[in-house]
Amino acid sequence: MDETAGEYAWYNGKIIEAYYSSSHGGASESVANVWGSSLTTYPYLCGVEDPYEQEVADRNSYSSWSTDYTAQELTARLQSYGYGVGTSVTSLSVTYSDLGNVIVLVAHYANGQSSTFKPTNIRSVFGVPSIRFAVNAPLGEGAEAEETPGINGSGPLDQQDSYSVISGTGTVTSVDAGDLYAVSGSGKVEAVSGSGSSSGGTTAGTTVEISADRYTLNGAGFGHQLGMSQYGAYAMVELGFSYEEIIAFYYPGVVVK
């Protein structure tokens with residue numbers, strides 16, 4: 001501790017709120033998707049793909065896990081929390097972020113109604129250790145059905161700071177994300193979906209619907225999915241990374257000084 005006495009993690013002149021989880025199972029998540037907080041306030045809690053935890057998977061009891069319910073058992077569990085009382089579960093709709101974590105889960109009922117769950121209550125209501133899981137599929141396959149933009153240029157843009165724009169004459173220029181807009185066929189001008197990623201909005205990758213007699217949730221990780229992974233940091237130390245590098249990896253843009 002004496003070696004790091006007086007050192008702090010800073011972002012843009014302010015000491016950060018260094019949230020962490022036990023493990024992420026492959027990727028942390030944006031605070032906008034987990035708690036609904038603004039990425040303008042917490043730009044360093046943006047979520048990152050984490051390849052390091054797998055190096056110590058044999059020491060992490062949550063490196064993989066599975067939670068299984070029959071449709072009847074899942075109905076009873078939801079009703080114990082006050083959801084879907086007097087009816088039964090017919091299907092689940094699972095929405096994944098672009099990092100592959102579950103950010104919205106909707107339970108559909110036989111009476112035509114539904115209940116929507118966010119990361120703040122998915123873990124408790126569905127009895128899972130993390131929001132990184134696939135339903136009735138191996139982990140990693142639940143969010144693979146990403147939509148590919150059509151040849152006419154339709155579809156969402158990946159979020160980034162700037163984009164290359166090709167004019168009608170073939171000239172290529174770089175445009176900041178905040179300056180992008182689209183003109184519809186009727187002449188309506190709108191902001192381009194996917195630009196301005198620091199606004200704090202959620203980013204959804206794909207939604208999958210599952211209807212079955214049994215629901216098996218196959219996942220990895222333990223915790224709220226924000227900030228640093230303790231097992232990932234442990235692995236990074238064993239791989240020779242410094243604490244400054246570990247902080248910079250899990251909290252992008254943060255420096256230790």
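**Entry 1: a threonine in a strand**

Does Thr116 count as buried, partly exposed or exposed, and at what relative accessibility? Before answering, I noted that this is a predicted model, so each value here is computed from that model. I looked up Thr116 and found a relative accessibility of 48%. The cut-offs are under 20% for buried and over 50% for exposed, so Thr116 counts as partly exposed at 48%.

Next I looked up where Thr116 sits, and it belongs to strand E7, which covers residues 114-117. I then left aside the neighbours within four places in sequence and listed the contacts of Thr116: Val104, Leu105 and Val106. I also checked Thr116 against Tyr83, which is 33 residues away along the chain. Their C-alpha atoms are separated by 9.7 Å.

**Entry 2: a threonine in a helix**

My next stop was Thr75, in helix H2, which runs over residues 71-80. Is Thr75 buried or exposed? I found a relative accessible area of 10% for Thr75. Buried means under 20%, so Thr75 is buried.

I wanted to know what the side chain of Thr75 has beside it. A polar atom of that side chain lies 2.9 Å from the backbone oxygen of Ala71. Setting aside neighbours within four places in sequence, I found Thr75 in contact with Thr87, Ser88 and Val89.

I stayed with H2 and looked at helix H3, residues 119-126. How do H2 and H3 cross? Their axes come within 10 Å and cross at roughly 120°. That angle makes H2 oblique to H3. I noted the handedness too: H2 passes H3 in a right-handed crossing.

Then I looked up which residues meet there. From H2 they are Leu74, Arg77 and Leu78, and from H3 they are Ser124, Val125 and Phe126.

Last, I turned to a sheet. I reminded myself that strands of a sheet pair through backbone hydrogen bonds, in a parallel or antiparallel way. The one I looked up is an open sheet of three strands in the order E2-E1-E16, with antiparallel pairing. Which strands stand at the edges? They are E2 (14-15) and E16 (255-256). Each has a single partner strand, so one side of each is left without a neighbour in the sheet.

I finished with the pairing of E1 (residues 9-11) and E2, which is antiparallel over two bridges.

How values were computed:
Residues numbered from 1 in each chain as written. Predicted model: local features only at pLDDT ≥ 70, side-chain atom pairs only at ≥ 80, totals over all residues. Heavy atoms only, no water. Helix = DSSP H or I, 4+ residues; strand = E, 2+ residues; numbered from the N terminus. Buried < 20%, exposed > 50% of the residue type's maximum accessible area, 1.4 Å probe, protein only. Polar contact = N/O pair within 3.5 Å; in protein donor to acceptor, adjacent residues only side chain to side chain. Contact = heavy atoms within 4.5 Å. Pairing = 2+ DSSP bridges. Axes fitted to C-alpha atoms, helices over the stretch in contact; angles between N-to-C directions. Parallel < 35°, antiparallel > 145°, perpendicular 65-115°, else oblique. Left-handed = near helix turned anticlockwise from the far one by under 90°.
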